[in-house]
Amino acid sequence: MRTWTWLHKWSSLVCTLFMLLLCLTGLPLIFHHEIGELLGTEAHAPEMAADAPRVSLDRVMEVARARHPGKGGMFASQERDDDRVWYVTLSDTPTSETDLKQVAVDARSGEILTEPQLDNGFMYIMFSLHVNLFAGLPGMLFLGFMGLLLLVSLVSGAVLYAPFMRKLEFGSVRRERSPRVKWLDLHNLLGIVTLVWFFVVGFTGVLNTGADLLVQHWQNNQLAQMVAPYRGQPPLTRLGSLEAAVSAARAARPDMAVSFVAFPGTSFSSPHHYGIFMHGDSALTSRLLVPVLVDATTAQVTDTRELPWYFSALLISRPLHFGDYGGRPMQIIWALLDVLTIIVLVSGLYLWLRKHRAGAAKEAA
Amino acid sequence: MSARRPLPHHGGRAHRHGRAHRHRPLWRWPVRLGVVTLVGLLSALLADGFWDVVSWLALGALVAVCVFFGWLRRG
């Protein structure tokens, strides 16, 4: 038991402030669409008949590129539940990491709806603090390590629940005793009730911090195999029709919808292919992706495969972190659980400070 | 704090038995709530419609338990 106490104390102490930051910044991220509405940054597709004809994707690209002359297409994506808007990301080169621009284009009228800001604004700050502390991959891996400590602290905390509760009924909070006892009981109650949820959200968060590495592994293996026949070919001087490429991908996977298109030269395609990533339409398959590689000149599908298990596992784990898979009620419950875990973190810190101060006072006496 | 040893040793099986018995009431609700959490997390992930509602009820129950025991129940 002494070991568990030590583990709980130190794993918690090291990660608590970072976990507080993650819980606090995660709160607005749960509602990023709703906050986007309030800030007026969300793309609003005007009402039209559901079967209103779509403009050609080549036209969509023309409109987006005209907004940022000199930049080329990097990605074009659609929200899972809204095929009326194309989000086009433009960059100086296909592998640029800075100075990216995004334009939201109405898929039916070809009009620009809004220009989402990728590198400033309130949500960008919340997102960066939550994901990498503005410190790129090292920041992300650091938060991943803090997440691992959280998991240690959750497991050791669950073990310590038993000795504390041996003489108490489930759910007892001894309010009549000192504030320390009351908050100890609350810490134990809220901690044990939210334990599994907190563990799953923490664990999937840790998985996400490793996402870049997993995706790189996939790029170096499956994707590299899929584009191998084109190795050594001269670079393209001009791209073929995106509309034709996407039509070919839709014909190859008729039961699926486009999630995003990676333009030739990005890390999700090859210098000679459009990488077209499709998703299914059931609760589960809408979270999974299937890459369809289309020759960027001839618009022929050259390869399509299921993603390997580790990539699929990563994709499936993401909603379990975001809480974005059960509509508005689930978002609200996610936020409430988040607030409860904040109380667990703060009360844990408070209990440690009280004990620490009591100990120091005893020593001084 | 130190955990009191459960029961004196009676050898393998008896010991395990005694321990499990002692722990059942203590862990009954945490285990039930853990199962409720998993049902809530998975049902909306694997299916839509009715199963979203199952998720809301299951995960909402966690919040309700916290609020009830933590703040509403007095004395």
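Which residue takes a positive phi in the hairpin of β7(A) and β8(A)? In this predicted model, the residue is Ala299(A), with phi near 65 degrees, and the hairpin has 5 residues between the strands.

Residues are numbered from 1 along each chain as its sequence is written, and chains are lettered from A and ligands numbered from 1 in the order in which they are written. As the model is predicted, local features need pLDDT of at least 70 and side-chain atom pairs count only at pLDDT 80 or more, while totals for chains, interfaces and linings use all residues; side-chain values use heavy atoms, with hydrogens and water left out.

Helices (H or I, at least four residues) and strands (E, at least two) are DSSP runs, numbered from the N terminus.

Two strands pair if DSSP finds at least two bridges between them.

Ala299(A) is found in the loop between β7 and β8 of chain A. Phe134(A) also has a positive phi, near 60 degrees, in a residue other than glycine. Phe134(A) sits in the loop between α4 (122–131) and α5 of chain A, where it is partly exposed, with a relative accessible area of 47%.

**Helix packing**

Two helix pairs are set out below. Axes are lines fitted to C-alpha atoms, for helices over the stretch in contact, and angles run from 0 to 180 degrees between N-to-C directions.

| Helix pair | Axis distance | Angle |
|---|---|---|
| α5(A) (136–165) and α6(A) (179–193) | within 11 Å | roughly 135 degrees |
| α7(A) (195–209) and α11(A) (327–364) | 11 Å | about 100 degrees |

Angles under 35 degrees count as roughly parallel, over 145 as roughly antiparallel, 65 to 115 as roughly perpendicular and the rest as oblique. α5(A) and α6(A) are therefore oblique to each other. Tyr161(A), Phe164(A) and Met165(A) of α5(A) are in contact (heavy atoms within 4.5 Å) with Leu184(A), Asn188(A) and Ile192(A) of α6(A). By class, this contact has 5 nonpolar, 1 polar and no charged residues; Ala, Val, Leu, Ile, Met, Phe, Trp, Tyr, Cys and Pro count as nonpolar, Asp, Glu, Lys and Arg as charged, and the others, Gly among them, as polar.

α7(A) and α11(A) are roughly perpendicular to each other. Trp197(A), Phe198(A) and Val201(A) of α7(A) make the contact with Trp334(A), Leu337(A), Asp338(A) and Thr341(A) of α11(A). There are 5 nonpolar, 1 polar and 1 charged residues in it.

**Tyr87**

Tyr87(A) lies in strand β2(A), residues 82–91, and is buried, with a relative accessible area of 13%. Not counting residues up to four places away in sequence, Tyr87(A) touches several residues, among them Ala43(A), Phe75(A), Gln102(A) and Pro116(A). The C-alpha atoms of Tyr87(A) and Val290(A) are separated by 19 Å, with the two residues 203 apart along the chain.

Methods: Buried means under 20% relative accessible area, exposed over 50%, partly exposed in between (1.4 Å probe, protein chains only).
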